[in-house]
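Here is a short report on one protein chain. Look at the structure first, then read on.

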Amino acid sequence: MHGKHHPPNSAGQVSIEPFDRRPEWMLRGHLQRKGREGEEDTVKKSVCPECGSRLVLFRDGNTPLFDAKCTNCNFMAQIKTPKGRPKTRVTGAGYSVLRKWLDSGNPVPPLIVNSRWETGQQIRLYKDIPESHIKPRKLSPNHRYAGYEMFTYVRLDRLQYKTLYLKSD
Ligand SMILES: [Zn+2]
């Protein structure tokens, strides 16, 4: 069973219609297999930016908008692990879930980007992401999940971030 543990928020719980749920989870599972190692690396090398406590991952597939949470406070974040040096654009996740989250009056979830390249690594936290930096896009007809709507974080170079981990070259 999926979707039972959406994080609570001031506006109540995110509701996802059954119609939407399956492709979201299918796609997430597909993408998550690729990202899981990077997520584990992220929580191993970072601590909570709010209170300094240990971060842990949510269990697979239970929380579409959040990958990690603090073991002490309410901090939660999405984690992305694109290959290479820090980028201005980072692929997000399924758009419909984020849209419902935002329409319920919630802010864009904090984003942790773990960038690794041959000679270095930087883990950044983007805490306040305006909605204008979220760009929805439909997957191309050639994609396995053609027509499915994803979103991309754009113009990250315009946003302030906090470095959670740095191994410089
Ligand atoms: Zn914390």
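Which residue in β9 does I123 stand opposite? I123 stands opposite Y165.

## The model and its numbering

This is a predicted model, in which local features need pLDDT of at least 70, side-chain atom pairs count only at pLDDT 80 or more, and totals for chains, interfaces and linings use all residues. Residues are numbered from 1 along each chain as its sequence is written.

## Overall layout

The chain has two helices and nine strands. Helices (H or I, at least four residues) and strands (E, at least two) are DSSP runs, numbered from the N terminus. From that end, the order of elements is α-β-β-β-β-α-β-β-β-β-β.

The chain holds 169 residues, and 25% of them count as buried. A residue is buried if 20 or more other C-beta atoms lie within 10 Å of its own, exposed if 12 or fewer, and partly exposed in between; the C-beta atoms are placed from the backbone. Now take the contacts in the chain with a separation of 6 or more: residues 24 or more positions apart account for 62% of them. Two residues are in contact if their C-beta atoms, placed from the backbone, lie within 7 Å.

## A hairpin and its neighbour

Strand β5 covers residues 111-117, and strand β6 covers residues 120-126. They form a hairpin with two residues between them. Their pairing is antiparallel, over seven bridges. Two strands pair if DSSP finds at least two bridges between them.

## An open sheet of three strands

Three strands form an open sheet in the order β4-β8-β7, with antiparallel pairing. β4 (90-94) and β7 (134-138) stand at the edges, each with a single partner strand, so one side of each has no neighbour in the sheet. From one strand to the next, the twist averages 35 degrees.

Five bridges join β7 to β8. Within this pair, K135 stands opposite T152 in β8. Helix α2 packs on the sheet and touches β4, β7 and β8. The direction of α2 makes about 70 degrees with that of β8. Such axes are lines fitted to C-alpha atoms, for helices over the stretch in contact, and angles run from 0 to 180 degrees between N-to-C directions.

Helix α2 spans residues 95-103. Its buried residues include S96, V97, L98 and W101. Just after α2, G105 takes a positive phi of about 95 degrees.

The largest nonpolar core has 22 residues. A nonpolar core is a set of buried Ala, Val, Leu, Ile, Met, Phe, Trp, Tyr and Cys residues joined through C-beta atoms within 7 Å. L65, A68, A77, L98, L111 and I112 touch the most other members. β3 (76-80), α2, β5, β6 and β8 (149-153) each supply at least two residues of this core. Leaving out residues up to four places away in sequence, L98 touches L65, A93 and F151.

## A loop glycine

Is G147 buried or exposed? G147 counts as exposed, because it has 10 C-beta neighbours inside 10 Å. G147 lies in the loop between β7 and β8. It touches K138 and L139, not counting residues up to four places away in sequence. G147 and R137 are 10 residues apart along the chain, and their C-alpha atoms are separated by 8.9 Å.
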